[in-house]
Amino acid sequence: MLAQGESLHALQRALLTGRIEAKHGRAQDDANAISGALSLLTNVVLAWNTAAMQTEIEANPALYPTEHLTHIAPVAHRHINMKGVMRFTIEPHHQLVRNGTGKVQKAPSSVNSNT
């Protein structure tokens with residue numbers, strides 16, 4: 001049970017990146033708001049993971065014996081993009097784009113979708 005609690009704290013640390021400035025969180029209302037927001041985000045991740053796990057278990061029940069499920073907590077978070085940054089490499093695909101005349105041309109090589 002302790003390992004699951006530690007996993008929950010690891011999830012909360014992943015959700016709360018950076019530092020809380022000294023000017024924030026000093027008043028009780030600020031601390032309550034920060035704590036409540038962290039709890040809400042944690043619960044959203046747990047609910048999402050639980051729903052995904054339930055879908056997988058219902059699709060393949062033979063793969064997940066009950067005695068194993070009792071030891072699994074829905075605290076995984078490596079599959080969640082916490083920062084919302086997405087990177088796509090488009091150069092190898094040589095995507096085609098249409099210009100204003102309706103002619104097909106190769107996408108310019110200076111296109112950078114990493115921004």
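A nonpolar core is a set of buried Ala, Val, Leu, Ile, Met, Phe, Trp, Tyr and Cys residues joined through side-chain atoms within 4.5 Å. In this predicted model, the largest such core has 6 residues: L11, L15, L38, V45, L46 and V75. Helices α1 (2–15) and α2 each supply at least two residues of this core, and α2 gives the largest share, 3 residues.

**The core and L38**

- In soluble globular proteins, nonpolar side chains tend to be buried together.
- L38 is one of the residues of the largest nonpolar core.
- Leaving aside residues up to four places away in sequence, L38 touches Q12, L15 and L16.
- Of these partners of L38, L15 is also listed in the core.

**T42 in helix α2**

- T42 lies in helix α2, which covers residues 28–59.
- T42 counts as buried because its relative accessibility is 2%, and the buried class is anything under 20%.
- With residues up to four places away in sequence not counted, the contacts of T42 are L8, L11, Q12 and L15.
- Among these contacts of T42, L11 and L15 belong to the largest nonpolar core.
- Q12 is touched by T42 and also by L38.

**R78 in a loop**

- R78 sits in the loop between α3 (66–69) and β1 (96–98).
- R78 has a relative accessibility of 83%, so R78 counts as exposed; the exposed class is over 50%.
- R78 and A14 are 64 residues apart along the chain, and their C-alpha atoms are separated by 9.2 Å.

Definitions and conventions:
Residues are numbered from 1 along each chain as its sequence is written. This is a predicted model: local features need pLDDT of at least 70, side-chain atom pairs count only at pLDDT 80 or more; totals for chains, interfaces and linings use all residues. Side-chain values use heavy atoms; hydrogens and water are left out. Helices (H or I, at least four residues) and strands (E, at least two) are DSSP runs, numbered from the N terminus. Buried means under 20% relative accessible area, exposed over 50%, partly exposed in between (1.4 Å probe, protein chains only). Contact means heavy atoms within 4.5 Å.
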